[in-house]
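Subject: Structure for you to look over

Dear colleague,

I am handing over the structure below, together with a short account of what was found in it. Please read the notes alongside the coordinates and the sequence.

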Amino acid sequence: MKKTKELKEKENFIMFPTVDFCFKELMQNENVRKGIIAALLNVSPDEIESTILIQTILRKEYEDDKYGILDVRVKLKNGTQIDFEMQVAAYEYWDKRSIFYLSKMYTDPIKEGEGYDTLKKCIHVSILNSVHFPEDDVCYRRIAFCDTETGKEYSDLMEMHMLELAKLPPEAQNEEGIILWMRFLGGRCEEDFRHMAEKDKYIEEAYDTLKKLSADEEKRLEYEARQKVIRDHNSFMKSAEKRGLQQGIEKGIQQGIQQGIQYTLKALELKKQNLSAEQIAEELQISLNDVKMILGEK
């Protein structure tokens, strides 16, 4: 009976695109890339002539620069670059992180001696399975440079598209474009994926690719390993917040250090390297208030 149950679970297994490993694998399919990019740009997929996956590590201009490592980076035929970032858990500094990556991507291609006319449009796409803008119910927004008085767009050379899967409203009739893709990416069972696949041929190909990935034993092991890393990280962060940080601060970095307060030691080490409290918080992915408490700053 146990073997039968395990066999049934294996047969019913389906990966979730919100796990970055699965999302990256889906984006290996050119038609999947074409479909989601067309939805983002609000154009027909036929207008997307080519989508080329390129290097996801953004070069450092100086030795002490911070590297940028993207999830999926695509270049279109007209030179436009698009960075897709899948983020499941809430990230306190996501606005700063995404602006950093967008800026890095925009300046990365220009070489010494080249003019500014060589710079091409860059788009950063944040796919978030959490709420980033709690003040409204808008689940998809496009952000660009604009005049704050008139609202007139100044330039579209740098754009940010924010997809908040957690804020998707109940399904409505005649949905299309990026909302359909958001429902597919945020699916929680095979029925969700199948339902979306019936509405768009490019999502249908994404669903077929998802099924093939899920049936591949080697890919499944990689996927489950990545899931475990995410779960362990989230569990560690929660336990560190609950036990480690506060206990370590209150007891003067004693017993609490061994129960998740490694952050304290690392923060002090980074402080010796002349990093600011903001830089330390970003590096350790903890709140600025916690860093200031560790460093004894107000």
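Two strands are said to pair if DSSP finds at least two bridges between them. By that criterion, and bearing in mind that this is a predicted model, strand β7 (residues 140-146) pairs with β8 in the antiparallel sense, the two being joined by 7 bridges. Within this pairing, Y140 stands opposite L163 in β8, while R141 stands opposite M162 of that strand. The two strands form a hairpin with 6 residues between them, and G151, which lies in the turn, has a positive phi of about 80 degrees.

Strand β8 (residues 153-164) also pairs with strand β6 (residues 122-128), here in the parallel sense and over 7 bridges. In this second pairing, I127 of the model stands opposite L163 in β8, the residue that also stands opposite Y140.

Leaving aside residues up to four places away in sequence, F184 touches P17, L26, F193, M196, I203, A206, Y207 and L210. As general background, nonpolar side chains in soluble globular proteins tend to be buried together.

Helix α5 (residues 178-185) is mostly covered, with 7 of its 8 residues buried.

The axes of helix α10 (residues 277-284) and helix α11 (residues 288-295) come within 9 Å and cross at roughly 115 degrees, and α10 passes α11 in a right-handed crossing. On the α10 side the contact is made by A277, E278, I280 and A281, and on the α11 side by L288, V291, K292 and L295. Taken by class, this contact has 6 nonpolar and 2 charged residues, with no polar ones.

With best wishes

Definitions and conventions: Residues numbered from 1 in each chain as written. Predicted model: local features only at pLDDT ≥ 70, side-chain atom pairs only at ≥ 80, totals over all residues. Heavy atoms only, no water. Axes fitted to C-alpha atoms, helices over the stretch in contact; angles between N-to-C directions. Helix = DSSP H or I, 4+ residues; strand = E, 2+ residues; numbered from the N terminus. Left-handed = near helix turned anticlockwise from the far one by under 90°. Contact = heavy atoms within 4.5 Å. Nonpolar A, V, L, I, M, F, W, Y, C, P; charged D, E, K, R; others polar. Buried < 20%, exposed > 50% of the residue type's maximum accessible area, 1.4 Å probe, protein only.
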